[in-house]
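Hello,

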Amino acid sequence: MKIYNISIGLNSTILLGSALLISPIAEAQTQAKDTTMNRTVVVEQEYNPDIRDAWKINRLPKVEDPVIVSKKVEYDTTSLPIESLPVTAMKIQTKKEEQKQAEQGYARLGYGNYGNLDARINYLFNLSQRDRLTLFGTMDGMNGQLTKLQHETINQTEEKWDARFYRTQAGTNYLHQFNLLDLDISAKWQQENFNYGSNLMESGASDKQAYTSGEMHIGIESKDETLPLQFSAETNFLIFNKKYSVSGASAKENIVQTKANVAGKIDDQSKVNISMQMDNLFYSSQFENYTSLQLNPYYEFKNDNWQLHLGAHTDLAFNYGKSVRVAPDIAVNYLFADSYILYASATGGKMINDFRRMEQIHPYSNPEIRMSDSYEQLNATIGMKSSPFTGFWFNLYGGYKTVADDISPTYNGMITFTQGKTKSLLAGLKLSYQYKNLFDVSAEGCAYHWDKTDEDLLLIQKPAFNLKLNANTQVTSKLNLKIGYDYTRRTSVAEATMPTISNLTMGGYYALSQHISIYAKVENLLNKKLEYYYSYPAERINFIGGLSFHF
């Protein structure tokens with residue numbers, strides 16, 4: 001309670017002045033008694049202040065008794081190998097934990113019937129964060145007796161053939177990463193030793209053959225995306241030597257191959273490219289030296305739904321063949337409904353028929369005449385592919401292809417080649433499904449229709465129908481199995497028709513430890529007479545197995 005003192009007088013002026021002078025003294029003295037002139041009035045007021053922000057005062061929550069909810073105990077039933085358990089509870093010395101790197105070395109050695117050999121070795125040296133060096137070597141082949149079916153119109157007889165074919169390779173690759181570009185240098189050497197068989201060479205010619213080839217490569221590629229232009233360039237030195245030929249002299253081919261590409265970015269969705277390839281071919285035989293130049297400018301556009309590639313191939317030849325040829329280079333992809341893609345393409349271009357390509361078409365070839373370069377005038381494809389649910393893909397497609405100066409092997413006492421124009425229609429379907437890492441299956445079938453030509457032998461190795469089935473399963477963490485089936489029916493020609501390919505294969509591997517695995521593969525389980533190349537028999541049922549090492 002607070003007390004206020006109020007004085008009331010007759011002469012206000014005198015009282016006010018007296019109050020100012022004596023007020024400090026009056027407070028210190030005892031209260032005077034009331035008189036006629038002065039009276040003391042006592043005023044009492046209840047103290048009830050307002051408290052601001054009272055809602056901010058913390059209040060303790062209501063305490064409730066805890067409720068215990070029972071929960072089912074789940075146990076880890078995964079097996080744990082004993083070697084993964086720690087030997088000691090605490091290590092005396094520890095080091096900084098780092099992510100485990102993949103093994104840098106790989107080796108494989110296997111052997112089977114028909115003298116089948118499979119040897120591989122590869123090692124990666126991480127010289128520094130910017131330098132890598134790889135060394136590799138391989139050897140594979142066979143040495144056994146094959147059954148050969150003579151391709152003759154009247155009398156088809158079988159004969160035994162002591163066949164031998166071994167391929168040895170060795171090489172190295174070096175990569176250095178600069179700040180703005182990568183430098184790639186590599187070298188490769190290859191030796192093939194085989195025999196033709198008495199019916200694959202003319203009388204008096206050598207039954208033996210040895211192909212020696214080598215490659216030297218040096219290239220650069222830009223890596224800085226902030227540059228206005230991206231570029232790459234490389235030079236390759238290719239050699240190929242046939243030790244024996246019908247004429248008795250060895251045939252040598254040297255190629256200097258130069259490639260370059262420049263790309264300029266227009267915006268985030270489009271860019272332009274200019275690519276070129278020049279091949280300078282030099283021969284020691286009766287073939288003339290010549291130069292081939294291929295130019296390919298194109299434009300690319302890409303967004304969330306469209307991918308567009310527009311360009312053209314212009315191919316020039318100097319000193320041999322047609323001087324100028326042109327082919328399209330167009331591709332369009334359209335994505336709709338989130339998982340469906342419509343695509344179409346029309347491409348083409350030159351295929352140089354050097355010694356290397358002729359060996360791929362038929363490894364037992366020994367041409368003594370120059371083959372003109374093949375030219376793909378049009379290779380058109382249209383189709384649709386999609387993944388309607390996780391892990392499943394399908395691809396339905398069709399196409400048309402025409403090739404000028406196409407090349408195909410023929411038999412006339414020895415394997416030579418014939419040339420001409422070929423045209424074909426095709427339609428195919430590919431299905432695949434993968435479930436996690438447990439298994440995956442795929443199936444692909446394609447049918448071909450070939451126009452008849454003046455030279456039927458052009459079609460002798462061409463397929464009429466292909467079917468491929470594959471299944472791969474991870475049985476356990478250490479065991480993997482794979483099965484496959486290849487079926488190829490060849491195009492029928494008047495002179496001869498190659499037998500149908502029907503090849504059932506099985507294979508797998510088992511991890512003996514973290515670094516050692518055992519593998520095996522069996523081919524031609526149906527024990528069919530197969531020919532992948534014209535007049536060149538394949539092995540009957542055969543197998544190979546061995547060990548692979550990671551280190």
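R325 is buried, at a relative accessible area of 14%. Keep in mind that this is a predicted model. The partner of R325 is D405; their side chains form a salt bridge, 3.1 Å from N to O. R325 belongs to strand β12 (residues 324-336) and D405 to strand β15 (residues 392-411), so the bridge ties together parts 80 residues apart in sequence. D405 itself is partly exposed, with 24% relative accessibility.

Two others are worth a look.

- D118 and R108: the closest N and O atoms are 2.9 Å apart. D118 sits in strand β2 (residues 117-126) and R108 in strand β1 (residues 105-112), 10 residues apart. D118 counts as buried at 9% relative accessibility. R108 counts as partly exposed at 24%.
- R120 and D140: this salt bridge spans 3.9 Å, N to O. It joins strand β2, with R120, to strand β3 (residues 131-149), with D140, across 20 residues. R120 is partly exposed at 27%. D140 is buried at 18%.

Now the surface. I121, Y510, L512, I518, L547, F549 and F551 make a nonpolar patch of about 600 Å². Where is L512 in the chain? L512 lies in the loop between β20 (501-511) and β21 (516-523). L512 is partly exposed, at 48% relative accessibility.

Best regards

Terms used: Residues numbered from 1 in each chain as written. Predicted model: local features only at pLDDT ≥ 70, side-chain atom pairs only at ≥ 80, totals over all residues. Heavy atoms only, no water. Patch = residues over 30% accessible without salt bridge, like charges linked within 9 Å, V, L, I, M, F, W, Y side chains within 5 Å. Areas by Shrake-Rupley, 256 points an atom, 1.4 Å probe, with all protein chains shown as cover. Salt bridge = Lys/Arg side-chain N within 4 Å of Asp/Glu carboxyl O. Helix = DSSP H or I, 4+ residues; strand = E, 2+ residues; numbered from the N terminus. Buried < 20%, exposed > 50% of the residue type's maximum accessible area, 1.4 Å probe, protein only.
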